[in-house]
Amino acid sequence: MSTSQDKPETKDWSATQYLKFEGERTRPARDLLAQVPSTLQPKRIVDLGCGPGNSTAVLQERFPNAHLSGMDSSPDMIEKARKRLPDLDFRVADLMTYQPSTAEGDVDLYFSNAVFQWLDGPDRLAVIKRLMQTQKPGAVFAWQVPDNFNEYSHVAMRETAALDGAPWKAVLAAGKNPARELFQTPQQLYDELKPLCSSITIWHTYYQVILDSHEGIVEWVKGTGLQPFINPLNEEQREGFLREYLARLKRAYPTQYDGKVLLSNSDRATTNIQLGRNIALPCLSTSYLSCCRGDDRRRTEIACVAYGIQALVGSPLQQYTVYFFESAGLQPSKAFALNLVNNTVTVVGTILTWPLLSYFGRRTIFMNGLVMMTVLYFGIGFASLAKTNGAQWAQSSLLIVFLFVYSPSVAATLYAIVGEVAHPNCGEKQCLWHEPRRTWWTL
């Protein structure tokens, strides 16, 4: 929740104010934890910037047997966390210099819910990389930050602070800049952190916060971003600042039919407002055996079986159609001409995969294609029993229809299935598990 860098000089963070919206503030932590791989069974977890323990409680729900601890620079936050979870270890510490005790073992999971945005720009990634380098392969570092620098509720803070003639302007200008810096882009995060881990996942989430009134927006940000602006002010200056700030919010955020206000994206042409935009990165190191454990084993099985089906049912017919046409009794010239038709049908069938995937599920296309191909196989086999010229053309025609069905289903849809079923952390390794399909295809 806080670090020594963001902590105002004269006042501590208010856990009570922060917890007025506990459900809304905890939701990003739950969403982040949902992306931590199910195969991870951490023995030790550290909640960085644990605040009043709301995110720590979420971690305890999922990993009740792990050694769980939390750190925060705010004494008030730590006091609340200790009361909430008295059996856990919470300590007041500075994130800039924090180093977990080696006597308690390696940290399998670092977890952080909205803390790194408070550090100065260059220090953010330096701290993350320093802590990541203490972890062993297979560990996870999961964190999220609110990307709301350009959200108008935060722009209005800076506008109000810089208002000409306002009695608070000189006070805020004389101290440390209360406005935190713009967070690094996903591209910068990837280039800086990917060399330290086997895989990295980055995403944005947009949250719509429903508040009772415009005053509710003020109460919302009082627990976080507004504190560095109002804490250095005396009571009169603080009241004046909040009046001006509230007036700006009322002009920017419309009231809903029931009087409530949505803290959401704004249509102001001069402001790119992205509300509740979170960046989260779980970094995981994996091995080939990880593909055979837990949910990833099921993923690997699906990928291997799907690849095996493709190799066994259609590839030979697609590659050697001229041979099959000639085996059916056609003249070489006619077999070659039909092969050109076959190639055209195959291209058309593959192109049809794009619209089919938009309207039907992968499994539906794959399985229905497999059933239709089975029926066509029987048709081709029964046609071969007759030794007439018509039967030869029937075989050839059914073979072309077979390849038309094969192309958009078992052939092309397979790659969508394999690509989507693989876990992000095991995908490239799962590809090697099902590469023996080439041997099946050759046989």
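1. Is Ser213 buried, partly exposed or exposed? In this predicted model, Ser213 is partly exposed, because its relative accessible area is 24% and the buried class covers values under 20%. Ser213 sits in the loop that runs between strand E7 (209–211) and helix H9.

2. Apart from neighbours within four places in sequence, the residues in contact with Ser213 are Gly259 and Val261. Val261 is 48 residues away along the chain, yet the C-alpha atoms of Ser213 and Val261 are separated by 5.4 Å. The side chain of Ser213 also makes a polar contact of 3.1 Å with the side chain of Glu215.

3. For the protein as a whole, there are 20 helices and 10 strands. The protein has 443 residues, and 50% of them count as buried. Among contacts with a separation of 6 or more, 78% involve residues 24 or more positions apart. The accessible surface is about 21,600 Å², and carbon and sulfur atoms account for 57% of that surface.

4. Helix H11 covers residues 235–252.

5. Which residues of H11 are buried? They are Gln237, Arg238, Gly240, Phe241, Leu242, Tyr245, Leu246, Arg248, Leu249 and Ala252. An α-helix has 3.6 residues a turn, so residues three or four places apart point the same way. The cover over the buried residues of H11 includes helices H6 (152–161), H7 (169–174), H9 (214–222) and H10 (227–230).

6. Ala114 deserves a look at its backbone. Its phi is near 65°, a positive value in a residue other than glycine. Ala114 belongs to the loop between strand E4 (109–113) and helix H5 (121–132). Ala114 counts as buried because its relative accessibility is 14%, and the cut-off for buried is under 20%.

7. On the surface, Val347, Ile351 and Trp354 form a nonpolar patch. Together these residues have about 360 Å² of accessible area. Val347 lies in helix H15, which is made up of residues 332–359.

Technical notes
Residues numbered from 1 in each chain as written. Predicted model: local features only at pLDDT ≥ 70, side-chain atom pairs only at ≥ 80, totals over all residues. Heavy atoms only, no water. Helix = DSSP H or I, 4+ residues; strand = E, 2+ residues; numbered from the N terminus. Expected span 1.5 Å × (residues − 1). Buried < 20%, exposed > 50% of the residue type's maximum accessible area, 1.4 Å probe, protein only. Contact = heavy atoms within 4.5 Å. Patch = residues over 30% accessible without salt bridge, like charges linked within 9 Å, V, L, I, M, F, W, Y side chains within 5 Å. Areas by Shrake-Rupley, 256 points an atom, 1.4 Å probe, with all protein chains shown as cover. Salt bridge = Lys/Arg side-chain N within 4 Å of Asp/Glu carboxyl O. Polar contact = N/O pair within 3.5 Å; in protein donor to acceptor, adjacent residues only side chain to side chain.
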